[in-house]
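Please look over the model below before reading on. The points that follow are meant to be checked against it one at a time.

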Amino acid sequence: MNLRNLRYFCAAYEVRTTVGAARQCHVTQPVISNAIAQLEEELGAQLFTRQQRGLLPTAAAQRLYRLGGKLLADAEALVETFQDAASHPRLSLRVHPSMNIECATCGVS
């Protein structure tokens, strides 16, 4: 399952239109429609009933939104974990045993 398609689906679920989801995700409306179609094919379930004034989520869409939202949140947390680690790099210093270095604080050499 493509996380981008899942993200586009969640946006469509929240705003109930492909046009609104496209605006929210900074893509075109056909990108949202294609993502939903791909998910429907992959899952073998209809996710929305298309209406003149938007999208009506099916029971399958409600389940996918609940589970998919958790998956997206976990994926975001995973990325943030590594970004936090990258923003605070550890400094490692190795000193050759032949070097005579004295600690200014404790006087140990």
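**Notes on the fold**

1. Leaving aside neighbours within four places in sequence, Leu-39 is in contact with Met-1, Asn-5, Leu-6, Phe-9, Gly-44, Leu-47 and Leu-64, where contact means heavy atoms within 4.5 Å. Leu-39 is found in helix 3. With a relative accessible area of 0%, Leu-39 is buried; buried means under 20% relative accessible area, exposed over 50%, and partly exposed in between, with a 1.4 Å probe and protein chains only. Leu-39 and Met-1 are 38 residues apart in sequence, yet their C-alpha atoms are 7.8 Å apart in space.

2. A word on the source: this is a predicted model, in which local features need pLDDT of at least 70, side-chain atom pairs count only at pLDDT 80 or more, and totals for chains, interfaces and linings use all residues. Residues are numbered from 1 along each chain as its sequence is written, and side-chain values use heavy atoms, with hydrogens and water left out.

3. The protein has four helices and two strands. Read from the N terminus, the order of elements is α-α-α-β-β-α. Helices (H or I, at least four residues) and strands (E, at least two) are DSSP runs, numbered from the N terminus. Of the 109 residues, 27% count as buried. Among contacts between residues at least 6 apart in sequence, 45% join residues at least 24 apart.

4. Which residues touch the most other members of the largest nonpolar core? They are Phe-9, Ala-12, Ile-32, Ile-36, Leu-47, Phe-48 and Leu-64, in a core of 21 residues. Helix 1 (3–15), helix 2 (18–25), helix 3 (29–43) and helix 4 (59–87) each supply at least two residues of this core. The largest share, seven residues, comes from helix 1. A nonpolar core here is a set of buried Ala, Val, Leu, Ile, Met, Phe, Trp, Tyr and Cys residues joined through side-chain atoms within 4.5 Å. In soluble globular proteins, nonpolar side chains tend to be buried together.

5. Apart from neighbours within four places in sequence, Phe-48 is in contact with Phe-9, Ala-12, Tyr-13, Ile-36, Glu-40, Leu-55, Leu-56, Pro-57 and Thr-58.

6. Asn-5 has its place in helix 1. Is Asn-5 buried or exposed? Asn-5 is buried, with a relative accessible area of 9%. Not counting residues up to four places away in sequence, Asn-5 touches Ala-35, Gln-38 and Leu-39.

7. Two packed helices are described by the angle between their axes and the distance between the axes. The axes of helix 2 and helix 3 come within 8 Å and cross at roughly 110 degrees. Axes are lines fitted to C-alpha atoms, for helices over the stretch in contact, and angles run from 0 to 180 degrees between N-to-C directions. Helix 2 and helix 3 are therefore roughly perpendicular to each other; angles under 35 degrees count as roughly parallel, over 145 as roughly antiparallel, 65 to 115 as roughly perpendicular and the rest as oblique. On the helix 2 side the contact is made by Thr-18, Val-19, Ala-21, Ala-22 and Cys-25, and on the helix 3 side by Gln-29, Ile-32, Ser-33 and Ile-36.

8. The structure holds one salt bridge, meaning a side-chain nitrogen of Lys or Arg within 4 Å of a carboxyl oxygen of Asp or Glu. The side chains of Arg-50 and Glu-40 form this bridge, at 3.1 Å from N to O. Arg-50 lies in strand 1 (residues 48–51) and Glu-40 in helix 3, so the pair ties together parts that are 10 residues apart in sequence. Arg-50 is partly exposed at 46% relative accessibility, whereas Glu-40 is buried at 16%.

9. The count of disulfides is zero, a disulfide being a pair of cysteine sulfur atoms within 2.5 Å. Cys-10 is buried at 6% relative accessibility, and Cys-25 is buried at 18%.

10. Two loop residues are worth checking. Arg-16, in the loop between helix 1 and helix 2, has a positive phi of about 70 degrees although it is not a glycine. His-26, in the loop between helix 2 and helix 3, has a positive phi of about 60 degrees and is not a glycine either. Arg-16 is partly exposed at 33% relative accessibility, while His-26 is exposed at 73%.
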